[in-house]
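The sequence and structure come first.

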Amino acid sequence: MAATLCQVLGFVLSLLGVGLVVAATAMDQWATEDLFDNVVTAVYSYSGLWRSCVRQSSGFTECRPYFTILGLPALLQAVRALMIVGLILGAIGTLIAIFALKCLKMGNMEDNIKAIMTLTAGIMEILAGVCAIAGVSAFANLIVQSFTFTTYADGGFGGLGMGGGNVGGLTGALTPRYTFGPALFVGWIGGAILLIGGIMMALACRGMTPDRPEKYDAMGYKAASQHTQMYRQDQRPRPAYDSSYKAQSEARHSAQRFDYV
């Protein structure tokens with residue numbers, strides 16, 4: 001019962017983690033503009049893995065996708081690859097975990113096969129969580145470096161197509177500083193949940209495997225010893241014979257013996 005509960009809980013956490021990683025990958029707010037020291041608040045820019053957006057104070061938002069991958073930094077492309085690999089591993093692991101659930105009967109599938117499938121799904125979910133956390137952490141490290149060394153002259157995310165140049169119609173190389181966006185926290189939480197779900201499914205695998213072989217009902221044979229009574233004595237009462245009848249029978253036989261003399 002404990003193994004089944006652990007397996008189901010790990011499956012639910014893995015499914016939730018995959019959903020969060022998908023949401024984080026599709027979100028545009030990976031890096032958001034820091035408005036703390038920015039005197040120009042009419043324009044607010046934010047960027048993601050696939051496009052950069054600019055929102056004006058009037059509420060109008062314009063997004064520009066990255067049409068090519070040749071001009072993007074290698075780190076951004078590596079983050080994309082890590083997130084996609086994490087999604088693929090998480091989706092396949094979740095699909096395997098569905099068929100490996102012990103509470104579902106899939107034909108004549110034995111518990112040993114389900115245990116192996118659960119372990120495989122758990123390992124894939126752990127790898128998916130590691131890929132998601134690594135990708136989000138790499139992008140966060142890029143934001144930290146950009147935030148530290150950004151000046152109002154150049155630098156920052158200007159090379160990533162995430163802002164820079166003329167902002168709000170101002171003439172000059174004013175580059176905004178970027179900070180952590182909501183997508184980073186969603187990705188971290190999703191990766192952590194994937195790790196926990198994968199570990200729980202890997203632990204449930206041990207409880208699903210039988211520790212001892214199955215016992216078969218059979219009759220035991222024991223050799224007879226010297227002290228063992230081989231045959232049971234007949235306890236039924238024997239009929240009593242009349243002695244007078246026996247004497248008459250003997251006299252009759254003796255009389256018949258002398259008839260031929």
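**Aromatic cluster, helices and surface**

1. At 25% relative accessibility, Trp188 counts as partly exposed; buried means under 20% relative accessible area, exposed over 50%, and partly exposed in between (1.4 Å probe, protein chains only). Phe180, at 30%, is partly exposed, and Phe185 is partly exposed with a relative accessible area of 43%.

2. On provenance, this is a predicted model, in which local features need pLDDT of at least 70 and side-chain atom pairs count only at pLDDT 80 or more, while totals for chains, interfaces and linings use all residues. Residues are numbered from 1 along each chain as its sequence is written, and side-chain values use heavy atoms, with hydrogens and water left out.

3. Four aromatic pairs are found in a search of the whole structure. Rings of Phe, Tyr and Trp (its six-membered ring) pair if their centres lie within 6.5 Å; planes under 30 degrees apart count as stacked, over 60 as edge-to-face and the rest as tilted. One of the pairs joins Phe180 and Phe185, edge-to-face, at 6.4 Å centre to centre and 70° between the planes. The rings of Phe185 and Trp188 have centres 5.9 Å apart and planes at 70°, so this pair is edge-to-face. Phe180, Phe185 and Trp188 form one aromatic cluster.

4. Why are Phe185 and Trp188 separated by about one helical turn? The two residues are three residues apart in helix H4 (residues 182-208). An α-helix has 3.6 residues a turn, so residues three or four places apart point the same way.

5. The UniProt annotation "transmembrane region", from an unreviewed entry, covers residues 81-104, 116-140 and 185-205; such annotations may be inferred rather than shown by experiment. Residues 116-140 are 100% helix and 0% strand, with end C-alpha atoms 36 Å apart. Residues 185-205 are likewise 100% helix and 0% strand, and their end C-alpha atoms are 31 Å apart.

6. Helix H2 (residues 74-99) has 26 residues and reaches 38 Å from its first C-alpha to its last, close to the expected 38 Å; the expected span is 1.5 Å times one less than the number of residues. Its buried residues include Arg80, Gly86, Gly90 and Gly93.

7. Overall, the protein has five helices and five strands, taken as DSSP runs (helices H or I, at least four residues; strands E, at least two) numbered from the N terminus. The order along the sequence is α-β-β-β-β-α-α-β-α-α. Buried residues make up 32% of the 261 residues.
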